[in-house]
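I opened this model to look up a few side chains and what surrounds them. My notes follow in the order I took them.

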Amino acid sequence: MKKIRVGVIFGGRSAEHEVSLQSAKNVIAAINRDKYEVVLIGMDKEGRWYLKDETKYLLNENDPRLIALNSTGNELALVPGESGRQLVNTAGETGIGRLDVVFPVLHGTYGEDGTIQGMLKLAGIPFVGAGVLGSAVGMDKDVAKRLLRDAGIRVADFITIKKEAEADFKTAKEKLGLPLFIKPANMGSSVGVSKADCEEEFLSGIKKAFEYDMKVLVEECIAGREIECSVLGNDDPIVSIPGEIIPRHEFYSYEAKYIDENGAILEIPARLSEEEIAGFRNTAKKVFEALSCEGMARVDFFLKADGEIIVNEINTIPGFTRISMYPKLWEASGISYGELVERLISLALERFERQSRLKTRYDL
């Protein structure tokens, strides 16, 4: 039987470039070569695409602090259209064959925010994960929180700031209390996130967050346990058992997530009652559906001392590093890493097949 040709895209222009490399390494290793042919597409920090040789596509691959994309390889361009579904070597203008499906392992901006999803949809290539809408909404914390709030799902109280000059510590303190968390609206993995207990820290955090985005969130601090669930599926998604993050840093920072293996304790399964487990799983499914997600997502929560569940955020391309919660939660729920990757590819092909039957033209 002919193998399914899977293009794995990784790297990218976001601040999470190195995390993407770590995730891609594990995804690529988990793909069943008896069933799939893998095409490696590395994207550098300037956004250029390169065809990569699997034997030498990463530098310092075992060091999360120094891992880097090998700069060698043929530069590629994607050609849309019915005759497309192919990548072209820009030097020789020769195609390298059709891709049956793409697995984007691109965290953060220009990868998780609907941009590459829109491009792949225009090119007519099936892809793993949320579509354009779910990706864009999930990435924008401001929009996601307002949609969840309208759906009756509890989120942390917040203020949205669109200009640095509009940041007012007194107003934020009166509305949200102290301490405050300050975040770029469109950034993941705790990049650009600060905790503020005073005006000086607040203004410094606002300045830092605006380095990464044109919109910044100021959130109330929720005192509670950090619980996460993994979601998998399209129309009828399933939810993993919950796990708990117990940070050893002041909060679950970028370094704790991806660099310092001792930065947090991952307790899987989380110590919860049956009622609490059901509450988290039901809420995770509601969040996934309310934000029009497909394929996969990780939903992050806070559990307050009084039992209230509060949604922190959703990640539509969660980490696949060796210390990432998304695959670990599925392993603990009975789905191995390899099976998880295969299911994600199948979900992408299934969605594409269903969408392909829709009319795109109106014939008189």
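**Entry 1: Lys183.** I note that the model is predicted. I started with Lys183, which sits in strand β11. Is Lys183 buried or exposed? The relative accessibility is 9%, so Lys183 counts as buried; the cut-off is under 20%. I then looked for a polar partner of the Lys183 side chain. The side chain of Asn312 makes a polar contact with that of Lys183, at 3.2 Å. I also listed contacts, skipping neighbours within four places in sequence. Lys183 touches Lys141, Gly192, Val193, Ala209, Lys215, Val216, Leu217, Glu219 and Asn312.

**Entry 2: helix α4.** I checked what they pack against.

At the start, a side-chain oxygen of Asp140 comes to within 3.1 Å of the backbone nitrogen of Asp142. After the helix comes Gly152, with a positive phi near 80°.

**Entry 3: the nonpolar cores.** How many residues does the largest nonpolar core have? I read 34, with Val8, Phe10, Phe103, Phe320 and Leu344 having the most contacts inside it. Elements giving two or more residues to this core are β1 (4–11), α1 (17–30), β2 (36–43), β9 (101–105), α9 (325–332) and α10 (337–356). The largest share is that of α10, with seven residues. Another core of 24 residues lies apart from it, and includes Val137, Val231, Phe288 and Phe301.

I followed up Leu344. Leaving out neighbours within four places, its contacts are Phe103, Val128, Leu232, Gly295, Met296, Phe320 and Tyr326.

**Entry 4: Leu232.** Leu232 was on that list, so I turned to it. Leu232 belongs to strand β14, residues 225–233. With 3% relative accessibility, Leu232 counts as buried. Beyond four places in sequence, I found Leu232 in contact with Pro237, Ile238, Gly295, Tyr326, Trp330, Ile335, Leu340, Arg343, Leu344 and Leu347. Leu232 and Arg354 are 122 residues apart in sequence, and their C-alpha atoms are 18 Å apart in space.

Key. Residues are numbered from 1 along each chain as its sequence is written. This is a predicted model: local features need pLDDT of at least 70, side-chain atom pairs count only at pLDDT 80 or more; totals for chains, interfaces and linings use all residues. Side-chain values use heavy atoms; hydrogens and water are left out. Helices (H or I, at least four residues) and strands (E, at least two) are DSSP runs, numbered from the N terminus. Buried means under 20% relative accessible area, exposed over 50%, partly exposed in between (1.4 Å probe, protein chains only). Contact means heavy atoms within 4.5 Å. A polar contact is a pair of N or O atoms within 3.5 Å; within protein, one must be able to donate a hydrogen and the other to accept it, and residues adjacent in sequence count only if both atoms are side-chain atoms. A nonpolar core is a set of buried Ala, Val, Leu, Ile, Met, Phe, Trp, Tyr and Cys residues joined through side-chain atoms within 4.5 Å.
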